[in-house]
Amino acid sequence: MNERDIRAEIEEVLGRWKGREIIIVADGISEVVDTEPLEWLAGQTRRLGGGSSGVLATTRILNAEGLGASHDSWIIEPEDLRLDRSEAGALAELLAGSPQSDRAVEKALGASGGHVALFCLVARHVESGPVSEQNRHAILPRDVKGYLQRSAAALDFEEMQTLLVAAVLGADTLAALNSILGRGAQSSLRAVSHAVPLVSYGGGKHDLRFRSHDLASDVFSTPDFAHQVPDGARLVKSALARLRLREDYARLIEQVRRHGDDHDLAQTLGELGDVLLCRAQGEVLRAALEEVPPALLMENPHLLLLRATVLRTGGEHEVAIDSARTALRLAEHEEDRPLMLECRLLLAETYVDTWEPAKALDALHRMQVELASTPNEGAECLLGTYLAMCNLYTGDVVAAIDYARTAVERARSASVPRATQLRVNYGCGFVLANTCGDMALAADLLSAVVSHPTSSASLRVRAQANLGYARAMMGRLDEAHEMLEEVVERIGGSCMAMYLSAATASLAAVVAVEDPNEGLGLLQESNTVAAEIGDEVSYSLGLIEISTVLRFLGRGYEALAAAERAYRHFMMEGVTAPAWRLQAGAERAAARLSLGETLAATDDALAVRQEASSCGLKMVASLADMVLAEVERRGGHIADAVVRLSAHEDFIRSESANWRWAMYIRAFPGLLGVLAAAIGADRLPSHLLRMVTRPYADEALLMAREVLDPAAWDVLAERTVGTQAAAAIVAETAARPGVRVGLFGGLTVETPDGPVSDRAWKKRKARLLFAMLVSRQGHDIPREQLMEHLWPDMDEQRAKSNFYVIWSAMRRALGAGTPAADCVEHVAGVCRVVPGLVRSDLDDFDEVNLQLQRAEKNDDHAEAVQAAHALCMSYRAEVLPSELYDDWFRPVRERYRAEFGDAMLRAARVCRAHGDYEQALKLIREGLDRDPWREDLYQAALRAQIDAGQRSGAVETFMTCRAKLSEDLGLDPSAETRRLYDEVLAMEERS
């Protein structure tokens, strides 16, 4: 039957289905030279109407240039039909009736190539024990191996030669196959593809290609099969040469491991090891090195150095050091000076990783001695780079900066190899970012590494991670986010675990700007990774970032704990690293200030500032001055705060610390106005302002009105939130009462004349008396009750005299003779604040809480979520944490802690009712962050996780609940909690 008759018959059949919805499947196609017939089929579906969907073509090789233009057609290629890792795990569990180990699933997936039918067959035969790559084909079931071998049994000797070469190469062009075989191979390849289903070929008229599935390669690229093939050894050798020519080094090494001896493998690794490292294929190199016999490995210092490099990047430092030391001794024995230098550099790097800078310096000084007798400008540049890194760690920051700048300048010489210049740029970019805080210069150096076409893949990944961090600190969030996501994904699938924690932490810093809680979770995840691989530097730096985010989330005690842990680490014996120790010290000062510990925060910040300024740590000095400026602002010394921040104008405008300054403004919103007054509202970096997002920006702008003149404030507000939002802030301010009081997290008082400083109270009990009045929210308080609390052991007459003294001091602090002082009343022995003149954050909380209750009653999901988020912002910390042991405030503190938890439960119930389980869990976790002993919150979390099908998360929630109740309260979970847990155990995990 010719093509015309076939088309006529198809039209006749399809005509019977006209007006119905159909899909035409063109299956079993292994070679398509002309796509016109498939395009014709697609046209037939459009003619039929009725919602017909066109052609779905399943094919191994398809020249789809024409067909792909049709929107009514689908092309299903091999990758579309293969199982991914999660699908394979689920299928294996179904086949076995229980979850299978990751190792077993990976083996079956690799052996079957992801094809569903083969996977089902292979999965039943795979054991969970270790299987080397060299005999991976041994895990194939006999029926699969036998079937493939029987399929090839009828092949003649030319076809067997073709099959052998195709199996070794895996995939290539027909031209390459012809060249290796020394003859035209198309007919024999066609015969092979018909006989062996897992070998195929096709393509265009002038671009014929073939592909041998991994399953077929495992059977037909073995030495046993090569011995059966005439001239098999020569053909394998030629195929290996072809793999080297096309730079498919991973497959080349795999085939050398099969067909060569131990010496062949060692020689190949020696030739290609550096290339594999440059291509970030460390896992391939490591697996191959593990198969080189130890005796042979000990004879080859280059292989030992390669092994040490792979182990170091994988976080196995002790073994890496042993391997590098052995390589160094062999290189010294052979007087191989270039290799000796590389060994010493790797030792220095690894000692820096393990926080042993003294040993690193010893290795570098020995290298210095060697270079004195045999000068090498490139090696000297690398030496300067690593000396800079070691001095960063040992504490000589001035020397670190000097070494780094000198190395960068010397590396620009034409005599220095380009690869060396890129390594210098990478190392010195890291040093300059962490010493003088010059992110702009660091970004320039690292950009050169990332963008240069000759950069190795491993160096490019590391440089890209550090560049992403520099961009994040400068506030280039979109660029940093894209860059860091790519890096994390690449590192996660390679032998570079050493760099994963730092890259993830940098990504978390970007995420935290828009979603602080998600950013915090990512930071904690990165610290877990750092702890697992022993990366103490990344772990401690991660604690600093965690403290920063916790602080502006209002979780001051946790922020202080994280900062103190980081500070203690950097104070350990043998660990100086002042750049990071002082940064941790600045964070500790900021956390203390957020808790109202003004004197301790001031002492910390002054000490940090003095030391940071003496050794050129500009960024750290600026953070210490931010804390001191906030102390001065709170004390009413606005002019001093402005002068203090003005000293950092050049550094601020360099944009090197945009992220950190923005995070400080989020925690201390009053600093925005001071900073604008110091630098100029129109000169603040736009990327800094962009990161002061709402609602932080609203509070910061409200406080800035007390510092800036109206014109400057208008400029700042428009640049921060836009004209319309700025006008709304002005209107809200006009409607507010004269005195604003904050009690959550510590006492703050804002009057129309400005903030009331701690110093203005003069007497502690004057401040305490005002807080007591405000906490009763306008309710009458008998004078005797106040006296009894303030002077419990004093007789009435003396207590009354003291009361009048303290009352007067309180009014003076508020501004005696001004309307603000009239916000408190003492009439006929009864005291109170005047509700119309005082507004506290307790009032705000109550108002929003009522809004949330109405939203729950009306089942208004959007309003409930909005109100809940507003409550989270309002209840940033407990009521007056500095007065933790004062009985007056205990009931207030407990009331708002309980009401906040209740509010989160209400909002979560609304979210659950609308199927928004993710938001429900977020709000419940907000409640647990403030009160981790409330069992009803754990129960709510369990219900939401059950609804969402999150079995593993629910198990973790129950375990946390049980631990909290048992360890802290000596209680067991209630019957309801245990019932929910039984329900969790009975459920299945939902993808």
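**Strand β8 and its neighbours**

Modeller: β8 and strand β9 (residues 754–755) pair in the antiparallel sense over two bridges. Strands here are DSSP runs (E, at least two residues) numbered from the N terminus, and two of them pair if DSSP finds at least two bridges between them. The model is a predicted one, in which local features need pLDDT of at least 70 and side-chain atom pairs count only at pLDDT 80 or more, whereas totals for chains, interfaces and linings use all residues. Residues are numbered from 1 along each chain as its sequence is written, and side-chain values use heavy atoms, with hydrogens and water left out.

Two residues lie between β8 and β9, and the two strands form a hairpin. Glutamate 750 has proline 755 as its bridge partner in β9. Glutamate 750 is also the bridge partner, in β8, of arginine 740. That bridge belongs to the pairing of strand β7 (residues 739–742) with β8 (residues 748–751), which is antiparallel and has three bridges. In the hairpin of β7 and β8, five residues stand between the strands, and glycine 745 takes a positive phi near 85°.

A cavity is a set of points on a 1 Å grid over the protein atoms alone where a 1.4 Å probe fits but cannot get out, and lining residues have an atom within 4 Å of a point. The volume of this second largest cavity is about 30 Å³, counted as the space filled by probe spheres set on the points, which are joined across faces, edges and corners.

Notes: Helices (H or I, at least four residues) and strands (E, at least two) are DSSP runs, numbered from the N terminus. On a 1 Å grid over the protein atoms alone, a cavity is a set of points where a 1.4 Å probe fits but cannot get out, and a pocket is an open set with protein on both sides within 12 Å along at least five of seven lines; lining residues have an atom within 4 Å of a point.
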